[in-house]
Amino acid sequence: MNAIDSADSFWGSSTSRANFCEIDYAVSRYIAEFVNSLTNVVYSKIPEVIYGLYGLRQLRRKADKHGDSLRALPYWGLIAVGLCSFAFHLSLKYHTQMMDDLSMHFASTPVLHRVLTANSNRRDSIVVAIVLASMLLFLVTFHVITDELVLHSVSFVGTVTVIGAHTIRLVNSRTLPGSAARRQIWGMVRFGATIFNLGYWLWLIDQWACGFLTRARETIGLPWAFALELHGWWHIYTGIGAYIFIAVVDHLVAGEDLRDIQQSFAWPASWASTSVFTGRESAVDKDVSEKQK
């Protein structure tokens with residue numbers, strides 16, 4: 001793949017601190033990282049824009065029963081991540097990098113608030129919201145001023161970890177033991193965690209083995225070389241995982257009917273609810289499920 005000099009590109013020289021293993025402007029002078037941009041539009045936005053729009057559509061259909069507009073924030077955040085990530089990989093500019101970085105926090109913080117306040121009264125929920133907003137404001141200010149990546153990464157991973165732990169508690173507290181609903185929700189949670197972590201490891205490998213991956217892509221050539229753009233796979237897998245956790249948390253916290261889970265979630269979450277990720281159903285579980293019907 002013959003790349004042009006970034007100074008001759010449509011966007012000019014790169015000003016972002018972050019840059020990934022994909023060769024810049026290898027396909028077009030208008031697109032800095034072709035695959036990383038493409039996976040934020042085509043797949044994504046299966047996982048971000050399309051999944052976000054699907055979630056908003058589902059909320060609109062349920063508006064007569066669950067009219068809380070705050071429920072829409074995580075889905076809008078998911079859409080923002082897709083669009084901002086596309087803008088960053090398209091141009092590799094400082095301001096689009098900030099948009100990409102900060103959109104991740106604006107998407108995850110409302111979900112964190114929901115899991116932390118699932119059993120709280122309105123006053124406590126407001127207090128937690130103020131605390132989280134203050135922490136987010138500090139993080140945004142610090143990150144924009146210093147352009148550092150460590151606190152940004154650590155805080156995001158920490159947020160995702162807390163969301164995951166509290167999601168497990170929600171599943172156990174808001175579904176009946178041995179019920180089909182619990183098994184289906186667990187199937188989605190396990191699948192979401194697995195694919196999110198797979199994306200994270202591909203992101204690490206893309207950094208650690210960049211030299212090897214670059215040589216391998218040059219050897220096999222296009223279009224198969226695109227399969228080794230591991231940061232693009234990170235976009236796809238984490239987008240799917242993020243949607244699943246947002247939708248599961250929303251479903252559980254809102255106390256919605258769990259008897260028709262497959263119709264409430266987009267693919268592959270709906271598939272995961274009946275897949276091997278649900279685990280094996282014991283004879284006791286079958287008996288409990290029959291009694292609950």
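Ser-108 lies in helix α4 of this predicted model, where helices (H or I, at least four residues) are DSSP runs numbered from the N terminus. Ser-108 is buried, with a relative accessible area of 8%; buried means under 20% relative accessible area, exposed over 50%, and partly exposed in between (1.4 Å probe, protein chains only). The side chain of Ser-108 reaches the backbone oxygen of Met-104 at 3.0 Å. Apart from neighbours within four places in sequence, Ser-108 is in contact (heavy atoms within 4.5 Å) with Phe-156, Thr-159 and Ile-163.

Residues are numbered from 1 along each chain as its sequence is written. Local features need pLDDT of at least 70 and side-chain atom pairs count only at pLDDT 80 or more, while totals for chains, interfaces and linings use all residues, and side-chain values use heavy atoms, with hydrogens and water left out.

Helix α6 has 25 residues and reaches 36 Å from its first C-alpha to its last, close to the 36 Å expected at 1.5 Å a residue; the expected span is 1.5 Å times one less than the number of residues.

Helix α5 (residues 122–146) has 25 residues, and its end C-alpha atoms are 36 Å apart, which agrees with the 36 Å that it should span. Ser-125, Leu-132, Leu-136, Leu-139, Val-140 and His-143 are buried in α5. An α-helix has 3.6 residues a turn, so residues three or four places apart point the same way. The buried residues of α5 pack against α4 (94–116) and α6 (150–174). At the start of α5, a side-chain oxygen of Asn-121 comes to within 3.2 Å of the backbone nitrogen of Arg-123. Asp-147, which follows α5, has a positive phi, near 55°.

With a salt bridge taken as a side-chain nitrogen of Lys or Arg within 4 Å of a carboxyl oxygen of Asp or Glu, the count comes to 3. In one of them, the side chains of Arg-114 and Asp-250 meet at 2.6 Å, N to O. Arg-114 lies in helix α4 and Asp-250 in helix α9, so this pair ties together parts that are 136 residues apart in sequence. Arg-114 counts as buried at 14% relative accessibility, and Asp-250 counts as buried at 5%.

Glu-229 forms a salt bridge with Arg-217, with the closest N and O atoms 3.2 Å apart. Because Glu-229 lies in the loop between α8 (210–220) and α9 and Arg-217 in helix α8, the pair ties together parts that are 12 residues apart in sequence. Both Glu-229 and Arg-217 are buried. Arg-123 is paired with Asp-124, the closest N and O atoms being 3.5 Å apart. Here Arg-123 counts as exposed at 63% relative accessibility, and Asp-124 is partly exposed at 32%.

Phe-10, Trp-11 and Tyr-30 form a nonpolar surface patch with about 320 Å² of accessible area together. Such patches are made of residues with over 30% relative accessible area and no salt bridge, nonpolar side chains (Val, Leu, Ile, Met, Phe, Trp, Tyr) being joined within 5 Å; accessible areas come from the Shrake-Rupley method with a 1.4 Å probe, and for residues only the protein chains shown count as cover. Phe-10 is found in the segment before α1 (34–38) and is partly exposed, with a relative accessible area of 47%.

Technical notes:
Patches are made of residues with over 30% relative accessible area and no salt bridge: like charges are joined within 9 Å, nonpolar side chains (Val, Leu, Ile, Met, Phe, Trp, Tyr) within 5 Å. Helices (H or I, at least four residues) and strands (E, at least two) are DSSP runs, numbered from the N terminus. A polar contact is a pair of N or O atoms within 3.5 Å; within protein, one must be able to donate a hydrogen and the other to accept it, and residues adjacent in sequence count only if both atoms are side-chain atoms.
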